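Please read the following report alongside the sequence and the coordinates, which are shown here.

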Amino acid sequence: MSNDDAPRCDSADSAAPDARDKKLPDLSRRRFIKGAGIASVAASAGALLADRALGVPPKPQNGGMGGGGVLGPAEVPVTLRLNGKIHKLNLEPRVTLLDALRNHLDLTGAKKVCDRATCGACTVHLDGRAIYSCTTLAIDVQDREITTIEGLEPAEGLHPMSHAFWANDAQQCGFCTPGFVMACTAYLNHEAHPTREGLGHALGGNLCRCGTYMGIKDAVLEAAHSTKMKGGRA
Amino acid sequence: MADYHWPPANHRALIGKRIDRVDGPQKSSGRAKYSFDINRPGMLWGKMATSPYAHAKVTKIDTSAAEAMPGVKGVVTIVPEGQEVFWAGQEIVAVAADTEERAEAAADAVKIEYQPLPYLVADTTPQQVGAQYTKQLANNVTGDPDQAFKQADVISEGDYGIPVITHCCLETHGQVVEWNGGDLTVWASTQGVSDMAGEYVQGLGEQGIKIAANNVHVVTQYMGGGFGSKFAADSWGIACAQLSKRTGRPVKMMLERDHELMVAGCRPSMHAHVKVGAKRDGTLVAWDSETWGTQGPSAEGAPTGPPYILVPPNVRSKFTAVLTNIGPARAWRAPNHPQMALISNGAMEDLAAKLNMDPVDFYLKNIDLAGTHAKIYRDEFAKASELMDWKSKWHPRNQGGSGVVKRGVGLSIHTWGGRGNMSNCQVVIHPDGSVETNIGSQDLGTGTRTVINIVTAETLGLPLDGVKVNLGDNKYPPAGASGGSTTVSGVSTSTRMAATNALNELLAKVAPSLGTSADKLEAWQGKIQVIGDSSKSIPWKQACAKLGTASVTGTGRTNNALMSSGVGGVQMSEVEVDTETGIVRMIKHVAVQDCGLVIDVKTAESQVYGASIMGICYAIYEEKIMDQVTGRCLNPNMEFYKLASIADIGEIVVHMMQGPGYDERGTIGLGEPPVISPGAAISNAVANAIGVRVPELPLTPDRVLAALGKGGVA
């Protein structure tokens, strides 16, 4: 317990610090990125930020962007290569990849949880690597290969990783689970021999509230040894 | 005739085994549709404008700019001009627009003026905040504590506390709402499907919209975490229904993450100064504590304070609520118990250290104070000590190793009631042999669907996939909300009764063809057979065909004879503490838990693993940090509101107490108890490692270093 100075219970009339002003910008990385997609120059800056923050390999910004002109705030055509199909959408430039998936394509396996690249519930694969779709603008990932959990799963039955999650009870409420499955499959794509200790570093970018980490460790190790996982995706 | 009693251990095919959760494939494939995932044709998105002030009067609301924005279809005022708000983040205006981005922009464009009012968001002592912010709730005296302290050989005094934390449900609070004429459908993220219609009847009634409960359809097939915070419709539920009515379109309104962490559940803090005394041999004689904690603006439902479980004959216990504007207090998994467990078990550990006693010996010396559960605790201490290898790991304080990284172990005990809630169930056996179990309960991820499926299948002698469980919808027979570890007994006893009643109707139809009477028959391994004689049997499908064209329905309700209440639980933690950086690292955590008859060992263990990890979170990482200058929460996001990651949990060992002495108690709830002890066990392990108590959770480096500065091994 603290024995510091008594707190001030004064009325805001006497204090009225600036921080109370609703007009102060909300220091949200997501809002910054979303607000950045108006001009193509700014969109590139947004992409650069996303690249730095998320480890997305940079690609030239041109496809669908219409040269150096201003885009938005109205909808613009956006083409996504998603789960092996081409999807043509009309989106405001500020729409994130996660919102494009969930709100425009009804692909709801990726979840919106922290909405600022902390918890990993929105994880999808971009060219085979795990990324946070909540802080990636849809317009920035045109011509990239996007895979969501809907694309990972076979038409019937379960992907071996999803099966391992089930068999090891690596889920309770299940809201973080699709994101974890995507992070784990991306991890095994470049780590054939995962260890219990190594998992901690590889999966630290995903959070679970129910506390399913013990099952997740077992699931990833089991999936790594599954013959179906050998040689990449099933 | 089959009776309701749980089958004996040698006659169980499914109960007490390790069964995979039946909805696991839907969840791990991303196919499960949560309320947050429901998208309806023509649906609008709702967003809210909220108060930046911890306490203020709303003086002026101007929504004209928001209403003129592109795509905006409707606006609803939640707190009208002239009324007060009591915490930062409180909802004032809701808007609906045709895209989520436009709704968010429109909510930002609502202009609200306030008259700021005095507030308190600091979590500090009653003496420091003054009478206007306090409410004394208890001042209890048992025996003669003053005299008893005089007779005590050893007295330990210390401070213990836990700050406000939040639920941080991954699926934020909210719902999708759709009107169809006078009928309302709500896809709610709720812990109480059957109770939710009443919430809308009342909430909408207050807004002048009359609707009968039977016209409110509530659906929650999958739920992304509640932990005690999702029982009400809340202001956003009612506003969402109003927006939908006003616009004539479905509306989805889920809280933003920052809003969720600011308003959607504040577990009250609890802090105490404790004095506790014992005889030289460890016999507890007296307790004296002054306890306080935040209990929201009204302090309703606040506890009376510790001591907890080991209650000496002489006690003085004072509890004062500090009335704050931190946000609304909501039940958080095992309300008040984790706080009281830290205060009580922390004080006991410090006393044991002063007595130079191994805390296991100290607890066993006094365990009869736990009353009827003393034997359970003895069994659990033995098992936990074995799994932790306690005898070889425990050492007196200041012997945590010679390097800068010290190692220590600590323990804690807990208790919870967990009696079943009101539950109705309906089991239908169809002529084609298919079976449906209908129940207006919900599966929060605890395994409720799986438990209902197991009990139905066990009762009817069928495999798991011979039964279809229907829940998460208030069109099914009403069942209680899932809170307080009341669901498993409610649904499993009502299901057992309903399935048995349906079976008995079937047995009556089948008996003539087996040349016997119904009371001589049983359902076992896919057949109806003469009890104990599989040679006189008829396969399930053929038996059901004798129903002709009419299905049979059995109903059941919560059955007291099949359940009880009151569990124990012992947990032990092992930690490493870096005395140079103050970083605490989990090495191992052992959780030994009873809950009567375990229906599914696999999902039960998952509950205990999960509770242990949730406990590690609040022991080492979690805190809702409030700023008295601005009145706001400083960490309403998941970077700075810290949860443990997969790298932070160490090894966790779970053991469920089962078999004779446990099974015959019937079912008892499990969700709450294992989350109670980790804070105390980990705090005690840190004290054992570094030789000094870190008074407050979470055990962050700054707190550890501050405690080391006052003593212990540095």
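The sections below take up a helix, a domain arrangement and a sheet in turn.

## Helix α7 of chain A

The model is predicted. In chain A, helix α7 runs over residues 177–190, and its 14 residues reach 20 Å from the first C-alpha to the last, which is close to the 20 Å expected at 1.5 Å a residue.

Helix α7(A) is mostly covered, with 12 of its 14 residues buried.

## Domains of chain B

Chain B is divided into three domains: domain 1 covers 9–32 + 420–562, domain 2 covers 35–117 + 173–254, and domain 3 covers 335–418 + 565–709. Between the C-alpha centres of domain 1 and domain 2 of chain B the separation is 39 Å, and the contact involves 14 residues from domain 1 and 17 residues from domain 2. On the domain 1 side of this contact in chain B, the residues divide into 7 polar, 5 nonpolar and 2 charged.

## A four-stranded sheet in chain B

In chain B, 4 strands form an open sheet of mixed pairing, in the order β18-β26-β27-β30. Because β18 (405–413) and β30 (651–657) of chain B stand at the edges with a single partner strand each, one side of each is left without a neighbour in the sheet. From one strand to the next, the twist averages 10 degrees.

Strands β26 (residues 570–578) and β27 (residues 584–594) of chain B pair in the antiparallel sense over 8 bridges, and Val570(B) has Val592(B) in β27(B) as its bridge partner.

Notes: Residues numbered from 1 in each chain as written. Chains lettered and ligands numbered in written order. Predicted model: local features only at pLDDT ≥ 70, side-chain atom pairs only at ≥ 80, totals over all residues. Helix = DSSP H or I, 4+ residues; strand = E, 2+ residues; numbered from the N terminus. Expected span 1.5 Å × (residues − 1). Buried ≥ 20, exposed ≤ 12 C-beta atoms within 10 Å, placed from the backbone. Domains from an automatic or database assignment. Contact = placed C-beta atoms within 7 Å. Nonpolar A, V, L, I, M, F, W, Y, C, P; charged D, E, K, R; others polar. Pairing = 2+ DSSP bridges. Axes fitted to C-alpha atoms, helices over the stretch in contact; angles between N-to-C directions.
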